[in-house]
Amino acid sequence: MVEDHKHEESILEKIVEKIHGHGDSSSLSDSDDDKKSTSSSSSSFKSKIYRLFGREKPVHKVLGGGKPADIFLWRNKKVSGGVLGAVTASWVLFELFEYHLLAFLCHFAIFALAALFLWSNACTFIHKASPHIPEVHIPEDPVLQLVSGLRIEINRGLTVLRNIASGKDIKKFILVIAGLWALSIIGSCYNFLTLFYTATVLLFTIPVLYEKYEDKVDAFGEKVMKEIKKQYAVLDEKVLSKVLSKIPRGALNKKKD
């Protein structure tokens with residue numbers, strides 16, 4: 001009897017352990033489900049955050065990454081300040097002092113060749129080794145990569161212009177016309193050198209400021225884009241739809257056939 005009683009107690013203990021183990025596993029699974037739900041909710045919250053121009057990558061990646069992005073974002077202040085200072089000095093030299101680029105290149109070449117020529121001849125008189133002038137060659141691979149990248153971007157731009165000219169997207173047509181009109185106004189006010197310098201200064205200031213205040217800028221940009229879409233909807237309803245409805249597309253299709 002005693003042995004049967006002990007056997008029953010051991011069986012009950014095993015059942016209780018299984019029940020507790022199942023409860024622990026269920027609690028663990030519940031905690032895992034909670035973690036998954038919180039992670040999914042956080043990821044969905046992150047996906048709902050508006051970014052300018054549909055940006056999904058950090059600003060550093062958008063600028064191409066590497067050293068150029070480090071320079072534009074002032075990761076190394078000495079290098080960034082040196083580059084911006086050199087560009088500013090060049091603009092002051094060519095624009096304010098009215099010094100031309102071709103004349104500057106010719107004068108620089110004259111000075112460099114004259115200095116090297118005199119130095120090489122002076123070394124022979126003072127019995128010293130002549131200066132080592134390194135051979136300079138333009139590597140082929142970077143040039144081919146640059147040309148290939150430009151070719152791809154030019155072809156992409158030509159495709160967009162072709163689609164706009166064929167009347168497939170009136171929204172892009174309006175945006176391109178407005179952009180070209182704005183560029184014509186800017187170009188009439190500035191020459192090419194001043195425009196290039198202005199673009200360089202903006203490239204050294206806007207990305208770093210946007211990276212610092214991107215949340216506030218994105219929130220403001222979201223409000224602006226909503227207002228633009230609202231105004232475009234009004235324009236489309238009152239003007240564009242009426243203009244397009246008056247265009248005899250059937251007659252044009254017959255002429256094409």
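In helix α4, the residues Ser-80, Leu-84, Val-87, Trp-91 and Phe-94 are buried, where buried means under 20% relative accessible area, exposed means over 50% and partly exposed lies in between, computed with a 1.4 Å probe and protein chains only. Seen down the axis of α4, these buried residues fall within an arc of 100°, so they line one face of the helix; the arc is that of the directions from the helix axis to the C-beta atoms. This is a predicted model, in which local features need pLDDT of at least 70 and side-chain atom pairs count only at pLDDT 80 or more, whereas totals for chains, interfaces and linings use all residues. Residues are numbered from 1 along each chain as its sequence is written, and side-chain values use heavy atoms, with hydrogens and water left out.

**Overall make-up**

- The secondary structure comes to ten helices and zero strands, both being DSSP runs numbered from the N terminus, with helices (H or I) of at least four residues and strands (E) of at least two.
- Along the sequence, the protein accordingly reads α-α-α-α-α-α-α-α-α-α.
- Of the 257 residues in the protein, 9% are buried.
- Among the contacts with a separation of 6 or more, 56% come from residues 24 or more positions apart, a contact being heavy atoms within 4.5 Å.

**Helix α4 and its surroundings**

- Helix α4 covers residues 77-96, and its 20 residues reach 27 Å from the first C-alpha to the last, close to the 28 Å expected at 1.5 Å a residue; the expected span is 1.5 Å times one less than the number of residues.
- The buried residues of α4 pack against α3 (66-72), α5 (101-125) and α8.
- On the other side of α4, Lys-77, Lys-78 and Leu-96 are exposed.
- After α4 comes Glu-98, which has a positive phi near 55°.

**Thr-194 in helix α8**

- Thr-194 lies in helix α8, which runs over residues 192-212, and it counts as buried because its relative accessibility is 11%.
- Leaving aside residues up to four places away in sequence, Thr-194 touches Trp-91 and Glu-95.
- The side chains of Thr-194 and Trp-91 are joined by a polar contact of 3.5 Å, the term denoting a pair of N or O atoms within 3.5 Å of which, within protein, one must be able to donate a hydrogen and the other to accept it, while residues adjacent in sequence count only if both atoms are side-chain atoms.
- Thr-194 and Glu-95 are 99 residues apart in sequence, while their C-alpha atoms are 7.6 Å apart in space.

**Salt bridges**

- The structure holds three salt bridges, each defined by a side-chain nitrogen of Lys or Arg within 4 Å of a carboxyl oxygen of Asp or Glu.
- One of them pairs Arg-75 with Glu-211, the closest N and O atoms being 3.0 Å apart, and this pair links distant parts of the chain, since Arg-75 sits in the loop between α3 and α4 and Glu-211 in helix α8, 136 residues apart.
- Arg-75 is partly exposed at 46% relative accessibility, and Glu-211 is likewise partly exposed, with a relative accessible area of 27%.
- Glu-153 and Arg-156 meet through their side chains at 3.6 Å, N to O; both lie in helix α6, three residues apart, about one turn of the helix, and Glu-153 is partly exposed with a relative accessible area of 47%.
- Lys-226 forms a salt bridge with Glu-222, whose closest N and O atoms are 3.8 Å apart, and the two are separated by about one helical turn because they lie four residues apart in helix α9 (residues 214-246).
- Lys-226 counts as exposed at 54% relative accessibility, whereas Glu-222 counts as partly exposed at 29%.

**Helix α6**

- The 26 residues of helix α6 (residues 140-165) should span 38 Å at 1.5 Å a residue, and the end C-alpha atoms are 37 Å apart, which agrees.
- Just after α6, Gly-167 takes a positive phi of about 80°.
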